[in-house]
Amino acid sequence: MTHTHARTRVDFWFDPSCPWCWLTSRWILEAQKVRDFTLTFHVMSLGVLNEGRALDPGYAAYLERSWGPVRVLTAAAQEHGEEALANLYTAMGTRFHNDGRLQDKDAVRESLTEVGLPVTLMEHWDKTSYEKELRDSHHAGMDALGEDVGTPCIHVDDVAFFGPVMSRVPCGEEAGKLFDGAVALAQYPYFYELKRSRTEGPVLDF
């Protein structure tokens with residue numbers, strides 16, 4: 001008798017402004033090189049997540065700047081399919097995080113051109129045309145996590161986790177072993193949290 005096993009499915013929610021999310025996204029792509037699973041990217045918004053909260057003025061300004069890229073990504077997903085998100089996120093994130101670029105219209109416009117998407121998507125930078133779709137996508141990922149969580153957010157076969165949060169990007173079999181651990185933990189509905197204090201900031205020189 002032949003036994004078939006369904007491929008693990010991973011859904012990854014991201015806000016392109018977050019460096020921690022960026023590192024985790026690079027890990028999951030590395031893991032996919034050495035493990036067999038399906039991977040789909042989805043948009044979430046730190047702006048939506050923090051609505052109604054008392055925020056430090058500096059962080060509030062940071063969140064205000066995050067809306068434009070998120071709206072463009074949402075428009076890309078709606079008009080060209082969610083499969084367009086992975087490459088567009090990579091192009092944006094490389095500029096924002098690895099290259100240290102401002103998260104501005106120039107960087108996003110260049111990213112659209114790089115991945116072959118129409119620059120007319122920039123029209124959505126200040127528009128709320130896809131506000132419902134953005135919020136629906138955000139809540140599809142984040143509501144399952146509960147309170148006091150943020151991005152990165154992954155769902156492993158519909159089991160939602162905040163994290164894993166990492167300061168560096170593991171590659172090769174190291175990335176695969178970390179993925180194996182996430183899949184293993186997702187099998188236990190009574191597992192909730194592993195955490196320790198960070199000892200370094202995001203290492204982005206990769």
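Predicted model: local features only at pLDDT ≥ 70, side-chain atom pairs only at ≥ 80, totals over all residues.
## Helix α7

On one side of helix α7, E174 and K177 are exposed.

Helix α7 covers residues 172–185. Its 14 residues reach 21 Å from the first C-alpha to the last, close to the 20 Å expected at 1.5 Å a residue. The buried residues of α7 are A175, G176, F179, A182 and V183. They lie on the same side of α7, because they cover an arc of only 115° around the axis. E174 and K177 are on the other side. An α-helix has 3.6 residues a turn, so residues three or four places apart point the same way.

Several elements cover the buried residues of α7, including the strands β1 (8–14), β2 (37–43), β3 (153–156) and β4 (159–162). Helix α1 (19–34) is also part of this cover.

## Strand pairing

β1 pairs with β2 in the parallel sense, over seven bridges. Within this pairing, T8 has F37 of β2 as its bridge partner. β2 is mostly covered, with five of its seven residues buried.

β1 also pairs with β3, here in the antiparallel sense and over four bridges. V10 stands opposite V156 of β3 in this pairing. V156 has a bridge partner in β4 as well, namely V159. β3 and β4 run antiparallel and are joined by four bridges.

β3 and β4 form a hairpin with two residues between them. In the turn, D157 has a positive phi of about 50°. D158 is also placed in the loop between β3 and β4. This residue counts as exposed because its relative accessibility is 56%, and the cut-off for exposed is over 50%. The C-alpha atoms of D158 and D11 are separated by 8.1 Å, although the two residues are 147 residues apart along the chain.

## Nonpolar core

The largest nonpolar core has 55 residues. The members that touch the most other members are F12, F14, I28, F41, V72 and F179. Helix α3 (residues 57–80) contributes the largest share of this core, eight residues. In soluble globular proteins, nonpolar side chains tend to be buried together.

F179 is also among the buried residues of α7.

## Cysteines

A search of the whole structure finds zero disulfides. Which cysteine sulfur is closest to that of C18? It is the sulfur of C21, 5.5 Å away and therefore too far for a bond, as a disulfide needs sulfur atoms within 2.5 Å. C18 is buried, with a relative accessible area of 8%.

For C153 the closest cysteine sulfur is also in C21. The separation is 8.9 Å, which is again too far for a bond. C153 is buried, with a relative accessible area of 0%.

Key. Residues numbered from 1 in each chain as written. Heavy atoms only, no water. Buried < 20%, exposed > 50% of the residue type's maximum accessible area, 1.4 Å probe, protein only. Core = buried A, V, L, I, M, F, W, Y, C linked by side-chain atoms within 4.5 Å. Expected span 1.5 Å × (residues − 1). Arc of directions from axis to C-beta. Contact = heavy atoms within 4.5 Å. Pairing = 2+ DSSP bridges.
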